[in-house]
Structure formats: C-alpha cells, structure tokens
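Let's take a walk through this protein and its ligand.

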Amino acid sequence: MFNSFIQAQTCIQVFSTFHELCTAIRLDYPPPHCSTAQTSFYPRLKAALSSHWKAKSLFDKLDKRFLSKEYFADQRSHKAGGFRAAQDLKVKMGTRNSFSQMLAFSLKYTGMSQVLIIGAGPCGLRTAIEMACLGAKTVVLEKRDNFSRNNVLHLWPYIITDLKTLGAKKIYGQFCSGAIDHISIRQLQLILLKLTLLLGVEIIVNVSFEGLCPPTSSQVFADGWTARVIPDNHTISNYEFDVVVGADGKRNTLQGFTRKEFRGKLAIGLTVNFINRRTTAEAKVEEISGVAYIFNQHFFKDLQSSTGIDLENIVYYKGDTHYFVMTAKKHSLISKGVLKQDSENTNELLCYSNIDQKALMQYAREAADFSTNHQLPDLEFAINQFAQPDIALFDFTCMYAAENAALFREVNGQKLLSCLVGDSLLEPFWPMGTGCARGFFAAFDLVWMTRQLAMKRRNSNNSVELSVLAERESIYRVLHQTTPSNTMKKHQNYTIDPNTRYVNLNLKAVHVDQVKTLYLTDRE
Ligand code: FAD
C-alpha cells in the first residue's frame with residue numbers, strides 16, 4: 001500500500017491510496033482539528049511502517065530535516081509560552097532522541113496553532129510542510145482535484161537541495177536526473193502533496209476559498225476566524241484558524257492586500273507541450289536551457305528567414321512531455337495569422353476570439369521543429385486539463401507584486417495573521433525561473449514570522465505583532481532582488497531562518513511606525 005501511495009500519479013490516486021494505507025494501519029486521516037493530533041500523526045504513521053525499508057529511507061530523510069533547531073524554542077520562552085528548546089531535548093534524550101518525541105513539544109504552546117492555506121500549488125504545499133514541522137494544525141484548501149499542469153519549471157540549485165533533503169528522489173526517482181534541473185508543475189505538486197499527507201496535513205480538494213468570516217462574538221467562548229467556501233455547506237467552514245495564507249496564485253483572493261504593477265515593453269509568451277513517447281530518437285534530442293536573442297542572434301535570424309517566426313528567446317525541456325516556452329514578437333504572430341487583428345490593448349490582442357488556434361499550433365510546431373534541428377520525430381500535442389491541445393499564449397508585459405507580505409486583522413478581540421506566498425505575493429519572471437525559488441523563500445519567511453510571533457507573544461498588546469510585521473516587511477524588501485548568485489552559497493544550511501539564506505539582511509530596514517496601517521482592528 002505504501003508503494004502504491006508513492007507511485008500514485010494523479011491527485012485522486014494519491015488520496016485514495018493514502019486513505020487505504022491509513023485505514024489498514026488504523027490511523028485516522030485527517031487527524032482531528034487540534035494541533036496535537038496532527039503532530040502525533042507522523043510519528044504514529046512512521047511507527048506503523050517501520051519495517052518497510054522504502055518508507056524507512058524516506059522517514060530517515062524527513063527526520064533529519066525536521067530536527068532542525070528552528071522548530072523549537074529555548075527553555076525560557078517555553079516557560080513563557082513559547083517553543084521547547086531542541087538543544088535541551090537533544091541533551092535529555094541523548095542520541096536516541098526521536099522526531100516523534102520532539103515534535104510533541106512544539107507549537108501547541110504558542111496560541112498560533114491553527115493554520116489555513118489557500119491553494120495546493122507548489123508554494124502552498126511547501127508552506128504546509130513547514131507549518132506542520134512547526135507543529136501547527138494545518139489545513140490546505142484546493143479548488144481542483146486534478147494536477148494537470150504539464151509546464152516544466154527550471155529550479156534554482158537551492159530548491160533541488162531542498163527537495164532532495166525532503167526525500168523527493170525517494171518519491172520520484174527521476175527527480176532532476178536530466179541534463180537540466182527541471183520538473184513539471186504536476187510532478188512537483190505530487191511530490192509535495194505526498195509529503196504533506198505523511199505529515200498529517202489536512203488537504204481538502206474541490207473546495208474553493210471565497211473570503212474570511214470574522215468572529216461574531218467577543219464573549220469568553222467566542223468563535224474564531226473561519227472561511228467562507230464553495231460548496232458553502234462544507235464542514236471546513238467551521239474550522240477556526242489564527243493564521244491564513246494566500247497561496248492561490250496570481251489571482252489571489254485573500255482580501256486586504258494592495259498590489260503594485262511593474263510594466264515593461266510588450267511581452268507575449270507561448271507555452272506548448274508535445275507528447276513524449278520516450279523513444280530513442282526523442283531521447284537523443286538536446287534540451288535548450290534558454291537561448292536569448294542577445295546571445296545567439298544567428299539562430300533567431302535563421303529561424304525568421306526560414307519560417308517567418310520572430311522570437312526573443314526559447315527554452316525546451318524534456319520531461320513527461322516535450323515542453324517549449326518562448327517569447328514571440330507581435331509582428332510575427334500577426335504576419336503568421338495567429339493574431340487576427342492588431343491592437344494596442346493587450347487584453348484585446350490576446351483574447352481568445354482574436355487568436356486563430358490552428359495558426360497558433362502551426363506556429364508552435366514550426367518553432368519547436370526548427371529549434372530542435374528537426375530531430376523530434378512526431379510533434380503531437382499533449383492534452384491539457386480542458387481536454388484541448390496543451391498550448392497557450394500569455395501576456396507578461398505587466399507583473400504584479402503585493403505591497404506587503406502580511407497584515408493582522410483583529411475583530412472582537414480575535415487576532416488573525418494574514419499572509420501571502422508564491423505568485424500571490426510576487427508574480428514570477430519566467431525567463432529567470434524565479435517562481436518557485438522566490439515562492440519557497442516567501443514560504444520559509446512566513447513560517448519564520450509565525451515562529452517569531454509565537455516566541456514573542458507573551459502579552460496581548462499590539463507591539464509584539466507590529467515588531468514581527470516590521471521584521472517580515474524588512475525581509476520582503478529583499479525578496480524580489482534575490483538571485484542564485486546573491487544568496488547564501490551553502491544550500492544545505494537553508495532553514496526557515498532568513499539569516500541562513502539572505503546575504504546582508506537588515507531585519508530592521510522597516511520600522512514599527514511604517515507598519516501600523518497593517519494592523520487592522522475594530523477596537524476604538
Ligand atoms: P499556483 O501554482 O498558481 O497554485 C495555486 C493553486 O491555488 C492552484 O492549485 C489553484 O487551483 C488553487 N486555487 C486558486 N484559487 C483558489 C481558491 N479560491 N480556493 C482554493 N484553491 C485555489 N517558475 C519556476 O520556478 N521556474 C520556471 O522555470 C518557471 N517557468 C514558468 C513559465 C511560465 C510560462 C509561467 C507562466 C510560469 C513559470 N514559472 C516558473 C512560475 C511558476 O509556475 C509559479 O511561480 C508557481 O507555479 C507558483 O506556485 P504557487 O503555488 O504560488 O501558485
């Protein structure tokens with residue numbers, strides 16, 4: 001059963017095999033809505049599967065990772081309601097200390113124990129893993145039950161280390177085994193989904209987050225913050241949480257965050273996936289890790305003279321599919337009949353009715369054929385989630401970023417930490433592969449913030465929240481400048497602690513006075 005779970009290749013299969021496994025070992029999944037039930041889930045699962053060598057090798061990886069001291073607090077703050085010191089525990093338990101014993105001491109003391117994450121994309125799931133390590137009861141809402149995105153992501157080196165440390169290769173043997181380090185979005189989601197389930201995170205699919213419901217009463221046994229969801233009769237609408245994380249991609253639905261826009265010159269992207277039949281001929285075709293016009297003008301001029309296709313760059317990765325992504329110049333899309341009418345308005349230009357789908361498919365096929373030197377034998381389109389050929393034009397002229405990474409809401413005395421991660425926080429610039437890299441950084445930063453808040457929360461005055469907010473915004477200021485070359489070199493040392501990742505970080509760049517507007521309260 002464990003093997004079936006590990007090998008499951010669709011979201012639904014992952015859930016059904018996991019349920020079978022839990023039923024067979026008499027473990028309740030999802031664990032009841034309290035953080036202790038969730039934190040004891042993984043140790044119990046692990047104990048039940050201890051004789052299975054494959055499970056053991058994965059759990060050994062997870063254990064090692066989660067013994068990280070950042071998930072525990074020192075003795076003084078523990079007495080004051082914070083975390084327990086990892087070091088203390090290590091001393092007490094000697095060399096036989098176990099993950100199960102250590103986890104039991106974590107976040108439950110902090111009053112920050114219930115988390116809701118909106119979206120099971122790569123960044124939402126990566127956040128869930130860290131939240132679970134911290135000991136928080138974590139629920140992820142996902143509006144779909146189908147991971148169908150074939151598009152392939154190039155991963156920064158630290159992400160490869162991060163995922164390998166979590167045991168990604170034990171789950172998906174081909175993980176980053178090719179010439180270029182990449183993975184399809186759906187495979188990445190499947191790996192992360194399996195890890196989150198093993199940690200007892202509750203993942204609810206086919207439920208869409210619609211908004212927040214503030215507590216209605218300020219009585220002693222007041223209700224807490226809950227979510228309005230579709231379908232509206234779903235029991236998760238009764239789940240009360242203290243932290244909510246918007247990880248639902250660039251169309252972020254979590255209220256309260258304003259966005260700023262970065263506008264460049266018109267940039268039209270084209271993604272296309274062809275079926276990979278894994279033949280010898282296909283295996284021989286070399287990937288293209290990114291050819292940009294300035295580096296290889298010869299190639300692009302030849303392409304234009306032979307096909308009429310004018311591109312600024314092109315990338316080709318081989319995985320479950322043959323994936324191409326390119327930036328096409330408007331004039332060539334018009335002259336090749338892909339765009340029916342020219343328009344200065346990008347929405348009008350790229351709206352469905354202005355695109356000739358047949359011409360678009362021909363354009364993509366010709367570009368792929370030329371750039372692989374006509375070596376790919378059979379350019380048959382893969383199918384997307386809408387049962388259509390997997391090809392799309394998209395506009396990335398404008399990119400959006402949230403003005404702030406986090407805010408607090410207080411209604412009837414109940415405080416809620418609201419945060420954004422991933423594309424909801426900062427839209428990626430795909431030619432630099434910034435999506436998951438900055439998205440995972442934001443996930444770690446947010447979990448660090450939760451930890452800091454729990455550590456500092458001794459009284460109920462605002463200054464704790466404001467100082468933690470100021471620190472979070474200071475870290476957010478450097479996020480959009482990060483590149484593989486200006487971050488810490490020792491990737492194996494990366495943790496949720498921002499000092500392990502960012503170079504020259506000034507945690508006091510933003511002052512408490514500058515974040516007062518991010519504390520929204522109904523108090524007089
Ligand atoms: P998403 O992947 O968008 O996931 C959001 C999830 O939330 C989805 O599963 C969605 O169904 C769910 N959801 C949405 N609304 C709701 C709701 N109301 N309730 C519940 N669930 C909801 N990144 C890289 O790292 N490397 C690359 O090489 C790269 N190349 C790219 C190429 C292109 C052409 C594009 C467009 C992007 C590329 N990216 C790349 C970016 C990368 O795809 C994203 O950064 C990454 O998928 C973001 O993950 P996320 O979890 O923030 O959001």
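Start with helix α8: with three residues, α8 gives the largest share of the shell around the ligand. Bear in mind that what you're looking at is a predicted model.

**Around the ligand**

So who else is in that shell? Altogether, 33 residues surround the ligand, and the closest are E142, R149, H154, D423 and C436. Sorted by class, the shell has 15 nonpolar, twelve polar and six charged residues.

At least two shell residues each come from α8 (122–134), β2 (137–142), β3 (152–154), α11 (185–198), β6 (208–213), β13 (321–328) and α17 (434–456). Now zoom out to the domains: domain 1 (2–258 + 402–521) and domain 2 (265–396) each give the shell at least three residues.

Here are some pairs of atoms to look for between protein and ligand.

| Residue | Protein atom | Ligand atom | Distance |
|---|---|---|---|
| P122 | backbone N or O | oxygen | 3.3 Å |
| S208 | side-chain N or O | nitrogen | 3.5 Å |
| F209 | backbone N or O | nitrogen | 2.9 Å |

How much of the ligand's accessible area does the protein cover? On its own the ligand has 1,000 Å² of accessible area, and the protein covers 89% of that.

**The sheet with β13**

Strand β13 shows up again in an open sheet of five strands, which has the order β11-β12-β13-β10-β14 and antiparallel pairing. At its edges you'll find β11 (288–292) and β14 (391–395), each pairing on one side only. From one strand to the next, the twist averages 10°.

Have a look at β10 (residues 268–275) too: eight bridges join β10 to β13, and the two run antiparallel. If you want to spot a pair, find I275, which stands opposite T321 in β13.

**The sheet with β2**

Finally, zoom in on β2 and β5. These two run parallel and are joined by four bridges.

Note on methods
Residues are numbered from 1 along each chain as its sequence is written. This is a predicted model: local features need pLDDT of at least 70, side-chain atom pairs count only at pLDDT 80 or more; totals for chains, interfaces and linings use all residues. Side-chain values use heavy atoms; hydrogens and water are left out. A residue is near a molecule or strand if one of its heavy atoms lies within 4 Å of it. A polar contact is a pair of N or O atoms within 3.5 Å; within protein, one must be able to donate a hydrogen and the other to accept it, and residues adjacent in sequence count only if both atoms are side-chain atoms. Accessible areas come from the Shrake-Rupley method with a 1.4 Å probe; for residues, only the protein chains shown count as cover. Ala, Val, Leu, Ile, Met, Phe, Trp, Tyr, Cys and Pro count as nonpolar, Asp, Glu, Lys and Arg as charged, and the others, Gly among them, as polar. Domain bounds come from an automatic or database domain assignment. Two strands pair if DSSP finds at least two bridges between them. Axes are lines fitted to C-alpha atoms, for helices over the stretch in contact, and angles run from 0 to 180 degrees between N-to-C directions.
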